[in-house]
Amino acid sequence: MSADWRDERIAELEAELSARDVRVAQLEGQVAALTKQVAELLEIVGRNSRNSHLPPSTDPPGTRGGQGTGKGKPGQRKRGGQPGHGGSHRVLLPPEQVDEVVDFYPSHCEGCARALPKVPDSSPKRFQQTEMPPVRPHTKEWRCHEVGCPSCGHRTRAPYDAAQIPASAFGPRLMALIALVTGVYHLSRRKTTDLLWELCGVRLSLGALSMIEARVSDALEPAVAEAWKRVGDGAVKHTDGTSWVQAGAVRALWTIATKAATVFKILADNSKKTLEPLYGSLRGILVSDRAKALNFWAMERRQICWAHLLRKFVSFSERAGPAGDIGRELLEYTGVVFDYWHDYRDGKLARATFVAWMAALGPKLEAALERAVAAKIDGLSGSCADMLEHRQALWTFADNADVEPTNNHAEREIRAFVLWRKRSYGTQSDRGNVFAERVMTVAHTARKQNKNVLAFLTACCRARAGSASRPSLFVPDAAVAT
């Protein structure tokens, strides 16, 4: 039986349909891949300090508003002091701190026009103006004279006395000032030399400035060791890390901060092997983000930063579909966490009530995280699973009154270093790293102890020169010379 031409045509059409189905499947796969890629790119473009780890300084204009509350919209409030703000007024210095007094007395009585004597008033009306006198450096010179003997004519020069003649051409306070300007206020070395000449009349080369930084760094070593010990003994520690650059190579910068002290350290990398020795005996509670390199610290003695979780949930909530729904649910629970915390911190909520409410809220939020894991959504479920791996460290702040739910303390401390890195592109040597670590450690800790940083740096330089005893960061200011 001969083949029917219609059967052949049907076979041709079926083959065309099969090829078309394959092409459609390929196109659908490409569309799905492109859709996913566009969503990822939009998420990257939309990252800011509200929904990621990026610092606020990276936010473009118009993205610095509140967390979805509309507080940052223009026109919501005027600039400057708000209604009810008490204002700020300059307070007059006490009489004992005034350097010069000009007295005015009335010449005649307003009642009878009789001449009045100049009798001081116990409470005169006072006006003050503070002025900065010209800064003139004080240079001291030691001279070793050569004297001829009247008997034999031999000339003898006075020997060099290392006990009285300083080894450095720069005094302790000048060295401390240079370290303050470069290491604390982060002015460039070249601008520092310009400032010293224009403000103080001191000429200094870049090489001499670098040498001074090294000497100040040595002088600060005992105080830095003292700060590290105080941090190690702290019951609650906040820690955070960022990148640092040394001669173009990427390094790691970490801080550990307590209420009493802050220390900094520049390391080769962020690995667990490198970080763990930094934390000593692992005493106390560690507040941090979810960095895996910190997993050497027992999870039951950690507190994960809820500000980081909040930003992550914000990024989830900005997605479309189920991911956005899950993100908004987690964001709502997190808002309640912070409402409870703020009310407790502000004294509006008793400790027992706060603990009870958090105990009821915790399982609900964890259940939402478990549903997110079960949803198997790319870029969301894995992150939520990691949060659940830190389950024991989510609620430490509810069980311990000395622990905060965020790591804002460490982030604020390391912020100055981040800005320094952006302006200076890091350091050029290991010696530069040590100077940066030490001077920032001393400055941040001294401020926590209500100390004048310049005065303390000066005291350290004097101690190094042997003209004063070694100062302590943790004793009253009376022991620190100015």
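Helices (H or I, at least four residues) and strands (E, at least two) are DSSP runs, numbered from the N terminus. The model is predicted, so that local features need pLDDT of at least 70 and side-chain atom pairs count only at pLDDT 80 or more, while totals for chains, interfaces and linings use all residues. Residues are numbered from 1 along each chain as its sequence is written, and side-chain values use heavy atoms, with hydrogens and water left out.

**Helix α11**
- A kink of about 30° is centred on Ile-414, the bend at a residue being the angle between axes fitted to the seven residues ending there and the seven starting there.
- Among the buried residues of α11 are His-409, Glu-413, Phe-417 and Trp-420, where buried means under 20% relative accessible area, exposed over 50% and partly exposed in between (1.4 Å probe, protein chains only).
- The buried residues of α11 pack against α2 (172–184), β3 (236–246), β4 (249–257), β5 (262–267) and α12 (430–448), with contact meaning heavy atoms within 4.5 Å.

**Positive phi values**
- Tyr-425, in the loop between α11 and α12, has a positive phi near 60° although it is a residue other than glycine, and it counts as exposed because its relative accessibility is 63%.
- Ala-113 lies in the loop between α1 (5–45) and β1 (146–148), and its phi is also positive, near 70°.
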